Amino acid sequence: MNIGITCYPTYGGSGVVATELGKALADKGHSIHFISYAMPMRLGDAFRENIMYHEVEMSNYPVFDFPLYTLALASKMVEVASYEAIDIFHCHYAIPHATSAYLAKQILNDTRAKIITTLHGTDITLVGLEPSFLPVMKFSIEQSDGVTAVSRFLKEKTLTNYAIHKEIEVIPNFVDTNKYRRTANAELLSACAPHGEKLLVHTSNFRPVKRVADVIHIFHEVRKKVPARLMLIGDGPDRSHCEMLARDLGIAEHVKFLGKQAEIINILSISDLFLMPSQSESFGLSALEAMACEVPVISTSVGGLHELQLHGQTGYIAEIGDIDRMARYAVELLSNPSRHRTFAQAARTRALEFELSRIVGQYEQYYQKILSGAEVSA
Ligand code: GMT
């Protein structure tokens, strides 16, 4: 198949899923055309002759106070489809990608190329609900030939929040468990935990929805009972506040803000616990990556997280903002090596259920279903 994949090229989960999916599909012989405003981060070192990258060019005409990305993307999709016989436009994150794809298809006047939109999370639960976007979002989702969601939670939210009468296929996120596996790195471990401290880790885009300040507070409580250090990966609007908070609580020397990291397997491999105290999480891809590296997860009970992590087996689940409980769970696991080992193994076993090859196969089957014109309206 000739597949055009549009995603955000940044470190966010939707871009990661889109890029890893494209690479895996290319390995299976499909031709993949990434269409975005920058090269997707995880594509960097993945040259293959059947992966093409088409950059959306943005003009900066002074009359435009705001960049017209939706239109520029639609034009690039038209161009790529005209010369590359695209079978499927697979849009990751609905805003504005599904809208651009709809526009492109109208311009092409082509019934052959199908649009599949994969909903990832905040496109549905946050941004898309804003009155300035909602009607366009609803329309664009309804006009897609196929729609997938990364969890049952997200599917239900889409159907109810947007009053959409359309079949939505749940295809969960995935991880390459051959790549994401725990590998010993004594040198890194002794650099990060020189006195044998336990290592807690968090990775996110530091947006309010991630409640990174809770991570700092949980760690503060944990340190009162267990010698530990905290590593924070990623960057975003709440980072400065969190750095200040760590200083105010007097724990700054035990907290490392690592910023954006291209390669996190080595860090996960030396970690003892992953913290995800999010306010909303449609799936929790970064928790899955941690689980694949045998890192148990302490998370909130929101969204699709309980579809991934099993309370009392792969980690623990608490209510949003219940810092004390999350800290208690963390201390309990960190101070009981045999239970920690059992949880770490269970986390890995659970992650294997989301192995890349299984889920990529589900996407391929879904592509076939949509291409064959199978009925997807409710
Ligand atoms: O977490 C974010 O805000 C980034 C966002 C994205 O689209 O890049 O992540 C969403 O998609 C991920 C991949 O499907 C999911 O694992 C995350 O749970 C989801 N984030 C939220 O729902 C907040």
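Reader: I take it that two strands count as paired when DSSP finds at least two bridges between them. With that settled, which residue of strand 12 stands opposite Leu275?

Author: In this predicted model, Leu275 stands opposite Ile298, which belongs to strand 12. The pairing behind that involves strand 11 (residues 273-276), which is joined to strand 12 by 3 bridges.

Reader: And do those two strands run parallel or antiparallel?

Author: Strands 11 and 12 run parallel. Together with helix 11 (residues 285-292), they make up a β-α-β unit that is right-handed.

Reader: What about strand 13, how many bridges join strand 12 to it?

Author: There are 4 bridges between strand 12 and strand 13 (residues 315-318), and this pair also runs parallel.

Reader: Are the faces of strand 12 covered or open?

Author: Both faces of strand 12 (residues 297-300) are covered, with Val297 and Ser299 buried on one side and Ile298 and Thr300 buried on the other.

Reader: Switching topic, where does Cys7 sit?

Author: Cys7 lies in the loop that connects strand 1 (2-6) with helix 1 (13-27).

Reader: Buried or exposed, and why?

Author: Cys7 counts as buried because its relative accessibility is 1%, and the cut-off for buried is under 20%.

Reader: Which residues is Cys7 in contact with, leaving aside neighbours within four places in sequence?

Author: Cys7 is then in contact with Gly15, Ala18, Thr19, Ile35, Ser36, Pro40, His92 and His97.

Reader: Now the voids: how many cavities of 30 Å³ or more does the structure hold?

Author: The structure holds 1 cavity of that size, and the volume of the largest cavity is about 80 Å³.

Reader: Which element supplies the largest share of the lining?

Author: Helix 1 does, with 3 residues, and helix 11 likewise gives at least two residues to the lining. Among the lining residues are Val16, Val17, Glu20, Arg42, Phe174, Asp176, Leu285 and Glu289.

How values were computed. Residues are numbered from 1 along each chain as its sequence is written. This is a predicted model: local features need pLDDT of at least 70, side-chain atom pairs count only at pLDDT 80 or more; totals for chains, interfaces and linings use all residues. Side-chain values use heavy atoms; hydrogens and water are left out. Buried means under 20% relative accessible area, exposed over 50%, partly exposed in between (1.4 Å probe, protein chains only). A crossover is right-handed if, with the strands pointing away from the viewer, the path from the first strand over the helix to the second runs clockwise. Contact means heavy atoms within 4.5 Å. On a 1 Å grid over the protein atoms alone, a cavity is a set of points where a 1.4 Å probe fits but cannot get out, and a pocket is an open set with protein on both sides within 12 Å along at least five of seven lines; lining residues have an atom within 4 Å of a point. Grid points are joined across faces, edges and corners, and a volume is the space filled by probe spheres set on the points.
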